[in-house]
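Trainee: I would like to learn how to read a structure. Please take me through some features.

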Amino acid sequence: MELSRRKFLQGLGATSGIAALDLQLPAVAAAAEAARKKPRASKSPEVKHVKTGCAICPNFCGIDVTVAGGVIRTIYPDAERADYYNHGICPKGASGMYNTYDPYRLKKPLMRTNPKKGPNEDPRWVEISWDDAFRSITARLAKIRAENPAKLIWQHGQGKYLIQEQYAVAFTKAFGTPNMVHRTTACEAARHVADELTWASGGITPDLKYSKLLLNFGANYHEGEQTARWLDWQTAMSREQGLKVVVVEPRLSGVAAKADEWVPVRPGKDPVMLLAMAKVLIDAGTIDEPFLIEYTNSPQLVDEAGKIVKGTDGKTPLVWDTASNSAKLYTAGVKPALKGAYNVDGKPVRTAFQVLSDSIRELTPQYAEELCGVPAATIERLARTFAKEARIGETIELDGLKLRYRPAVLYTFRGLSAKEHGVQGWRAGLIVNMLVGSIDAVGGLLLGGAYARPQYFDVSKCEYPPTRADLAQSVFFPYANHHIAQTPQLTVMDPPSWGLKYTPEMQIFYATNRPVSIPDSWRQFEGLTKTFNVVIDVVMSESCWYADIVLPDKTYLESWHFAPTRGTPEAGHSAIRQPIVNPYNLEQDAFTIMWELMKRLGLRERYIDEINKSWGLKEVKFKPGRDYTPRESVEVIWADKTKKDFAVAVEKGFVGSKKSAKSKYLTGAEDKFKGPGKPKMKLYADQLIDSYYKVEGIAKKNNLTRIDLAKYKIAYSPLPTKEHAFPTPHREATGYPLYLITHKRMYRNQSAFTANNAILNQALGPDAAMNYVQLNTTTARELGIKSGDAVTLETRIGKVGGTAQVVEGIRPDTVAVSYHYGTFSPGLSAAARKGTWINQVLENHPDLISGHNSFNDTKCKLYKA
């Protein structure tokens, strides 16, 4: 490995711009100095501030960048953005200029001359011109498009948040391939799909300004979460107003350390803990019955096959009308029963709520204690406290409006979702919220656009043969509404076995180090050996190491972007990013690369049309017959979306708006679900069981041996069950005594973009510079392991080395290792390669509903190396 790295550095030498074998602070300083276009005119260089946005993670924080003498000196949070999202920024954001001045940056297009691909294979890079790169790529794309455009797969990760996904959508549609694949199944897709199945859209926010109790199941907003830079601040502010925070997770994370209570649940068993809490609520009668009847499908009747009973139109669900003592459509005047068993046309039926209640009859707190490792008394206390703090039946007046007041909220991010049964894990959490009426209530769980996508209430199309190489929304993953990041590298190895009618030949990767970010990573890299790969990135990531052509991109401090943003319950905003420096005089970025390829393929006009569609431009649009620069493209979108002069964007970086109480609380569940004649939130997800029956029919008809119907039947239950607490490794890996969990940290992201950052790797100390294998003191004593020992972590698919860190704050049956570390690319600094790359030994049993990767289900052995 080290030999091939030396060859890489020696072969490129000055042309690569790599300044030193190991990245040191002086090297970064020298790179920054080289950014000066002119010598200093005086001892007092010109100082200016630029308002822009960070793009290192999906928080998209507003930042204020200080530039002195043409060099970025500091990055601080933009104080004006605090009222709209972030009050602070993380260490990655504050040191972001060190990624831009990184001497290991890619600076010229590179072409592979060694056809063999592998971690120890020297690619034998040669530097080529941009024209040569474009000609080579265009020729291959033209051939593929003439044969079958589907043979091209486009993949992006953080690229989704740079120039934004709309351009990738337009690019692939103009080209004609169905294969655009983004990153969400490596992040939080199962949570989104659980939301979509339950309330027909995605995106949730706890209303912390008014909450009194937050039950947090693994949303680690002090280390890594999509709305971390608002959640951390708002939680701190609300705690001063009486908010209590309870964190339920196996490891004492940064969030758990700052909570009022930490509940160390056994990994993967939290669905049963939630269902036991639901049983306590139901048995005690501390549920919001009017909410369940008026807003959810709890009263709808379910037959013995688990299907919702429909009226004569075959579409509209029936309820049991207590006024007439008969089954009726829920229309004005009908009084639906919440509970009970009845007969309709001589066949037994129960209300959906009754089905839930019956299904959890045996899931007592005592049973949950045995399985989850949480005392029954704690489970019962948390349930009763949640009900008490929800203040069922109370209202509050805001802006002159009388509103439902339920200041208790249960929330998650990856804690419940990054698992084999992630959809059902968060479905259990949503059900607990529904039982107390917390959904879209003041102080509760706010929905991001209730019923905005009604198609998610429908039975899946269960496509077969699959159109897409990632198998999204096919019979294999019927509700994979957010693509499936890991499957293209599996299908390219044996397309016919998945039913694909074509063999992918080429992949373009934009700002993603996809194989490193996926469990069972070496299988991902095997897939990369089957295709011609083009990678657009800023550093020599592992994905680049397997590329045939590498194209250098600009960083977010060098580019124009119409930026994505995060909102809060109180406000929203639109923003841009603007270039501040270009220390290596880079010629292209992702926008110009895509534009040039479309132009050379003769698809520019089609591309422009698709851009207008994907961005939803209405008044100001991209015009045919001309090219656009990155700045001009941002000007078009800004003008259409904000109706503001572009000078505002350049000066302020954003434009924001505040939300009224009416828009927060009366345009979601209240408007879309409440009352007769309206669709209902799905306490009982009947579309799942209907989709299972469809999967069963297709699998049997086509003899699909890759589909294990027993597993699909468990996965596609319309209600969460105890079976969802038993992922495959927990059932099968009997010789592996420890649960292995993963987590994010504040100091890196998985794309390798921050891996060389000298501040993060050196200035902040050894804790930031590498990761550790964390284990409990009791377990360490039994295994004879001490902090600092070299250890081997072994799973059913492999072994990996690491450094032990013995701590009190983790369950004795659990081992924790963070992502982000242990890279192997010879094109990265030695500092970047410290630590443990844990994904390579994680088993991957994706959620069969959403396709989400199972990052927290593996079991392992641990011993001294």
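Trainee: Which residue in β18 is the bridge partner of L398?

Mentor: Two strands count as paired if DSSP finds at least two bridges between them. Here the bridge partner of L398 is L401 in β18. Strand β17 (residues 395-398) and strand β18 (residues 401-404) pair in the antiparallel sense, over four bridges. The hairpin of β17 and β18 has two residues between the strands, and D399 takes a positive phi near 50° there.

Trainee: Where do these numbers come from?

Mentor: This is a predicted model, in which local features need pLDDT of at least 70, side-chain atom pairs count only at pLDDT 80 or more, and totals for chains, interfaces and linings use all residues. Residues are numbered from 1 along each chain as its sequence is written, and side-chain values use heavy atoms, with hydrogens and water left out.

Trainee: How many helices and strands are in the chain?

Mentor: Helices (H or I, at least four residues) and strands (E, at least two) are DSSP runs, numbered from the N terminus. The chain has 30 helices and 32 strands. Its radius of gyration is 27 Å, close to the 29 Å that the globule rule gives for 865 residues, so the chain is as compact as a globular protein of that length. The radius is taken over C-alpha atoms, and the rule is 2.2 Å times the number of residues to the power 0.38.

Trainee: What percentage of the residues in the chain is buried?

Mentor: Buried means under 20% relative accessible area, exposed over 50%, and partly exposed in between (1.4 Å probe, protein chains only). Buried residues make up 64% of the 865 in this chain.

Trainee: Which residues of α6 are buried?

Mentor: Helix α6 (residues 165-175) is mostly covered, with nine of its 11 residues buried. They are E165, Q166, Y167, A168, A170, F171, T172, A174 and F175. The cover over these buried residues includes α5 (130-147), β6 (152-156) and α21 (630-642). Just after α6, G176 takes a positive phi of about 110°.

Trainee: Which way do the side chains of β27 point?

Mentor: In a regular strand the side chains alternate between the two faces of the sheet. In β27, L738, L740 and T742 point one way, while Y739, I741 and H743 point the other way. Strand β27 (residues 738-743) is mostly covered: six of its six residues are buried.

Trainee: Which strand runs parallel to β27?

Mentor: Strand β31 (residues 814-818) runs parallel to β27, and five bridges join them. The bridge partner of T742 in β31 is V817. With strand β32 (residues 859-864), β27 pairs in the antiparallel sense over two bridges. There L738 stands opposite C860.

Trainee: What is the value of phi at Y451?

Mentor: Phi of Y451 is near 55°, a positive value in a residue other than glycine. Y451 lies in the loop between β20 and α16, and is partly exposed, with a relative accessible area of 27%. N585 also has a positive phi, near 50°. N585 is in the loop between β25 (571-577) and α19 and counts as exposed at 57% relative accessibility.

Trainee: Which peptide bond is cis?

Mentor: The bond from Y464 to P465 is cis, with omega near -5°. P465 sits in the loop between β20 (445-447) and α16 (488-491).

Conventions
Contact means heavy atoms within 4.5 Å.
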